[in-house]
Amino acid sequence: MDFTLSEEQRAVVDLAESVARDLPAEHDRESYPWEIARAFHDVGLTGIALPVEDGGQGATLLDSVLAIETVARVRPRAADMLQATNFGAVRQIAAFGTPEQKERYLAPVLRGEKLVTVGMTEPEAGSAASDLRTTARLDGDEVVVNGTKVFNSDGPYATHHVVWARFGDDVRSIGSVIVPVDAPGFEHGRPEQFLSGEYYCSLIMEDCRVPADHVLIREDGFRKMMSQFNIERLGNASRALGYGFRALELAVEYAKTRNQFGRPLAEFQGLQWKLADASLALESARLLLYRAASTAQTTPSATDTALAKLACNEAGYRSADTALQVFGGFGFSTEAELGYLLTRTRAWMIAGGSVEMLKNRIAEHVFDRRFDQRGRQQAAAE
Ligand SMILES: Cc1cc2nc3c(=O)[nH]c(=O)nc-3n(C[C@H](O)[C@H](O)[C@H](O)COP(=O)(O)OP(=O)(O)OC[C@H]3O[C@@H](n4cnc5c(N)ncnc54)[C@H](O)[C@@H]3O)c2cc1C
């Protein structure tokens, strides 16, 4: 067991740090910052763990995690562009796409020219994702998609979406379709903002028609896509962790320079212990994340990624909350960065597998048995 980064891993961290330092701390939220995605592509930080033949770098999941964590710590707002070009929908297309789909819908995303998002959640299917009602029906050489997706992060800027839909009645019939935004019958709902300011929208498909070769997965798609989604959690966890370390660094610097009662805040033990607790939680979460990323490379474990995401989400959020407390009133201003770090880290306790759903997964590991989340009545009716 070796807890130090290899030379190659150190080089990834250094590269991510130097690129991030050249990026602006803020960007216009009304449009997508394509230049940031391209900057990552230009230095080889997109598709880090994807195969070279798919336009990726052929490196490891741990390298992707290190890059995202580093960018999240140095330029928090730029980390989303690294996530979008390393995890999420790009991994689904890389894993299940045909060579033509990859050429058309993966390569341009990795070059920072297009954006793809995952359309999974529906108004009545959140944590119970397999309850999704969006349908896909083959009609000659086309597939017809009907349904509505909600909470699509960065949806308003996306050029295409991986839409999870059912081709039949049972769970095994759930698959996915690549839907370009200019497809007939497709429409974005009005842009809305999360508490942290990021834009999202709904995806509305009414007899939306795309060529049949846009079907990404048909058979047993839910299980297959969840296996990728499980790995996707490493990206959310990396950003939560990076934001937590960022908040801790800001708080430490502030505590060194802000004086009250004639002394720097850093000298008050009440605050020292809060920051020590934040450091403990972040360092522990980091170990779980690196372990999950390492094992996911060869033998993905849903329990390991659940442990890692849960620990990173909780540590990131608590660290941001602690940092805000250390800043006092100055931290609570909309001008301060802490509100962003706090609301983003809070969001991942809901998004990408809520902390409760992660605990359900971990409990199954602890008891070594499955717990059906559906009520007895409904299970009996099915
Ligand atoms: C910032 C953000 C970004 C998002 N981006 C996307 C995106 O790009 N694409 C997309 O498809 N979706 C996205 N989502 C949606 C996200 O996946 C869902 O919000 C999430 O799955 C939870 O579903 P829900 O909001 O319907 O809550 P619900 O499922 O209704 O859950 C409500 C509460 O009940 C708890 N709960 C539910 N079931 C159980 C259970 N069995 N045991 C214990 N507790 C339970 C939940 O944890 C939660 O606290 C995003 C959400 C957020 C907040």
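Q: Which residues are buried in helix H6?
A: Helix H6 covers residues 99–110, and its buried residues are Gln101, Lys102, Tyr105, Leu106, Ala107, Pro108, Val109 and Leu110. Keep in mind as we go that this is a predicted model.

Q: And what is phi like at Gly112, after H6?
A: Gly112, which follows H6, has a positive phi near 75 degrees.

Q: Where does Asp220 lie?
A: Asp220 lies in the loop between strand E9 (215–217) and H7. Its phi is positive too, about 55 degrees, although Asp220 is not a glycine.

Q: Is Asp220 buried or exposed?
A: Asp220 is buried, because its relative accessible area is 12% and the cut-off for buried is under 20%.

Q: OK, switching to the ligand. How many residues surround it?
A: There are 18 residues around the ligand, and the closest are Thr121, Ser127, Ser153, Ser354 and Glu356.

Q: How do those residues divide into nonpolar, polar and charged?
A: The shell has eight nonpolar residues, nine polar ones and one charged one.

Q: Which polar atoms sit by the ligand's nitrogen and oxygen atoms?
A: Thr121 has a polar side-chain atom 2.7 Å from a nitrogen atom of the ligand. Phe151 comes up again here, with a polar backbone atom 3.1 Å from a ligand nitrogen. On the oxygen side, an N or O atom in the side chain of Glu356 is 2.7 Å from an oxygen atom of the ligand.

Q: How much of the ligand's accessible area does the protein cover?
A: On its own the ligand has 970 Å² of accessible area, and the protein covers 66% of that.

Q: Which helix and strands each supply at least two residues of the shell?
A: Strand E1 (116–119), strand E3 (142–153) and helix H11 (355–367) each do.

Q: New topic: how many salt bridges are there?
A: The count comes to 25 salt bridges. One of them pairs Asp80 with Arg344, with the closest N and O atoms 2.9 Å apart.

Q: What does that pair tie together?
A: Asp80 lies in helix H4 (residues 79–84) and Arg344 in helix H10 (residues 338–347), so the pair ties together parts that are 264 residues apart in sequence.

Q: Are Asp80 and Arg344 buried or exposed?
A: Asp80 is buried, at 9% relative accessible area, and Arg344 counts as buried at 7%.

Q: What about the salt bridge between Glu113 and Arg111?
A: Their side chains meet at 3.2 Å, N to O. Glu113 is partly exposed, with a relative accessible area of 42%, and Arg111 is partly exposed as well, at 33%.

Q: And how far apart are the N and O atoms of Glu192 and Arg190?
A: The closest ones are 3.9 Å apart in that salt bridge. Glu192 is partly exposed at 28% relative accessibility, while Arg190 is exposed at 62%.

Q: Last one: which residues make the nonpolar surface patch?
A: Met1, Phe3 and Leu287 make that patch, which is about 450 Å². Leu287 lies in helix H8, residues 269–298.

Terms used:
Residues are numbered from 1 along each chain as its sequence is written. This is a predicted model: local features need pLDDT of at least 70, side-chain atom pairs count only at pLDDT 80 or more; totals for chains, interfaces and linings use all residues. Side-chain values use heavy atoms; hydrogens and water are left out. Patches are made of residues with over 30% relative accessible area and no salt bridge: like charges are joined within 9 Å, nonpolar side chains (Val, Leu, Ile, Met, Phe, Trp, Tyr) within 5 Å. Accessible areas come from the Shrake-Rupley method with a 1.4 Å probe; for residues, only the protein chains shown count as cover. A salt bridge is a side-chain nitrogen of Lys or Arg within 4 Å of a carboxyl oxygen of Asp or Glu. Helices (H or I, at least four residues) and strands (E, at least two) are DSSP runs, numbered from the N terminus. A residue is near a molecule or strand if one of its heavy atoms lies within 4 Å of it. A polar contact is a pair of N or O atoms within 3.5 Å; within protein, one must be able to donate a hydrogen and the other to accept it, and residues adjacent in sequence count only if both atoms are side-chain atoms. Ala, Val, Leu, Ile, Met, Phe, Trp, Tyr, Cys and Pro count as nonpolar, Asp, Glu, Lys and Arg as charged, and the others, Gly among them, as polar. Buried means under 20% relative accessible area, exposed over 50%, partly exposed in between (1.4 Å probe, protein chains only).
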